[in-house]
Amino acid sequence: MVGGGISGLAAAWYLRQGAGERVKVTVLEGSPRIGGKLYASEVAGVSVDAGAEAMLARRPEGRDLARAVGLGDDLVFPGTTRSAVYSRGALHHLPKGQVMGVPSDLAELAKSGIISPGGLLRVPLDQILPATLVRTDVSVAAYIRARMGGEVVDRLVEPLLGGVYAGRAELLSLEATMPRVAAVARSERSLLSAARRLAEETPKDAGPVFTTLRNGVGGLPEAVAKASGADVRTGVTVRELRRTDSGWRLVAGPVPRPETIEADAVIVATPGPASSRLLKADVPRAAAELARIQYASMAVVTLAYPVDAFPEPPASSGYLVPPVERRPVKAVTFSSVKWPHLANDLVILRCSIGRLGEEHLLQRDDTELVSLATAEMADVMGARGLPLDSRVTRWGGALPQYNVGHLDRVARVRAAVAVQPGLAVCGAAYDGIGIPACVGTARTAAARILDHLDLRGE
């Protein structure tokens, strides 16, 4: 296993579940710790996630894995998921019934106050305009702007997508990032009517959208690694991967003292650029496609305030900031509101800084990033004084961009890998960047290897 993020560790666990002691699994991770973008540490004495802070509860893979490795009793659910958008100098609640920012109810959209009166008048034209049928993949912005106008894109869709991918709606694939909307775009004339139907199809009793672990999802990787029984080695960078007559040869470690490892099969669970380098020699088609996936960088600034620092304690789970507002902070999560078990007489919050194309913001030092976050809290929330504690976590090249054509690109990668015996890939570069999606790719990769080794189902 190359890569010790949650995808690689989950794949190791699935291998052990499928083959038991008949397979020896080694996980090689280049960084000093496992977990990738899942990591928690203390802020003001409270364990708070520094990377991903939740997983979709309505998609089962992440939640089921947590239960399987003994963390079921630690699963907790949000106190609230009501969030807002900062638009034209004020916070506005997201309109009810929206589907990834696409409004389904004109009255709710007007009530939210997020877009201007002129922008609001543009939206219902969707119902009389000729169809904009999508035959091939297009950008999110291109399709939604054609149907509902630019303000819906700029002030609703853009901040929601930015919160997930730190990307740009002008580049992101409609098929890959908004598959439900893409499905109706192939056949429906009115996006407003289609969004209304999509909203109505969401079960009212589906339960919480998100879940996390009491001490943060950053604790999941260690539990999965332990349950997998794998030999997990950190600080070991794999520099070369080559096909042999009987399997695969990996060259790891520093150049002056290389270590050669022979394996019957390999799962590559690293980000696109690293995977591209490893596959270049024997799977050049896959390597070329992976090299084309862009990655965005960001930083998470976590702050802890006393409750009385705010004129009114935050009541929502957080807010998003559209790029058109030209503010350095793109999203704020009030962690101690969203996850009440974190409160501890404090207001703990996370400010996300940096989108694709805003790398200049991340060139500032940690002190400056904390100043940007505290200025945001003072300006928007009226926070007084300095936080009791702070933490800056930088995620360079962390978020793969699912740009137009992404699904076809992934299909080409998998087709090239499929003809290589004993090789599989998994991770956030493929089918989704959330924890359940990553675990899903890990399960698929492990199944491929078990089939190759003829170990599944024995």
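In this predicted model, the area buried between domain 2 and domain 3 is about 1700 Å², with carbon and sulfur atoms giving 63% of that area. On the domain 2 side, the residues that lose the most area to domain 3 are Y86, A166 and R168, which together account for 38% of what that side buries.

The axes of helix α1, formed by residues 6–19, and helix α10, formed by residues 220–228, come within 8 Å and cross at roughly 25°; because angles under 35 degrees count as roughly parallel, α1 is described as roughly parallel to α10. The crossing of these two helices, α1 and α10, is left-handed. The contact is made by I6, L9, A10, A12, W13 and R16 on the α1 side, and by L220, P221, V224, A225, A227 and S228 on the α10 side. By class, the residues of the contact of α1 with α10 divide into 10 nonpolar, 1 polar and 1 charged.

Helix α1 also packs with helix α16, which spans residues 435–453, their axes coming within 8 Å and crossing at roughly 45°, an angle that makes α1 oblique to α16. Here α1 passes α16 in a right-handed crossing. From α1, the contact draws on I6, S7, A10, A11, Y14, L15, G18 and A19, and from α16 it draws on C438, V439, T441, A442, R443, A446, I449 and L450. The residues of the contact of α1 with α16 comprise 12 nonpolar, 3 polar and 1 charged.

Note on methods: Residues numbered from 1 in each chain as written. Predicted model: local features only at pLDDT ≥ 70, side-chain atom pairs only at ≥ 80, totals over all residues. Heavy atoms only, no water. Axes fitted to C-alpha atoms, helices over the stretch in contact; angles between N-to-C directions. Helix = DSSP H or I, 4+ residues; strand = E, 2+ residues; numbered from the N terminus. Parallel < 35°, antiparallel > 145°, perpendicular 65-115°, else oblique. Left-handed = near helix turned anticlockwise from the far one by under 90°. Contact = heavy atoms within 4.5 Å. Nonpolar A, V, L, I, M, F, W, Y, C, P; charged D, E, K, R; others polar. Buried area = accessible area lost by both parts, 1.4 Å probe.
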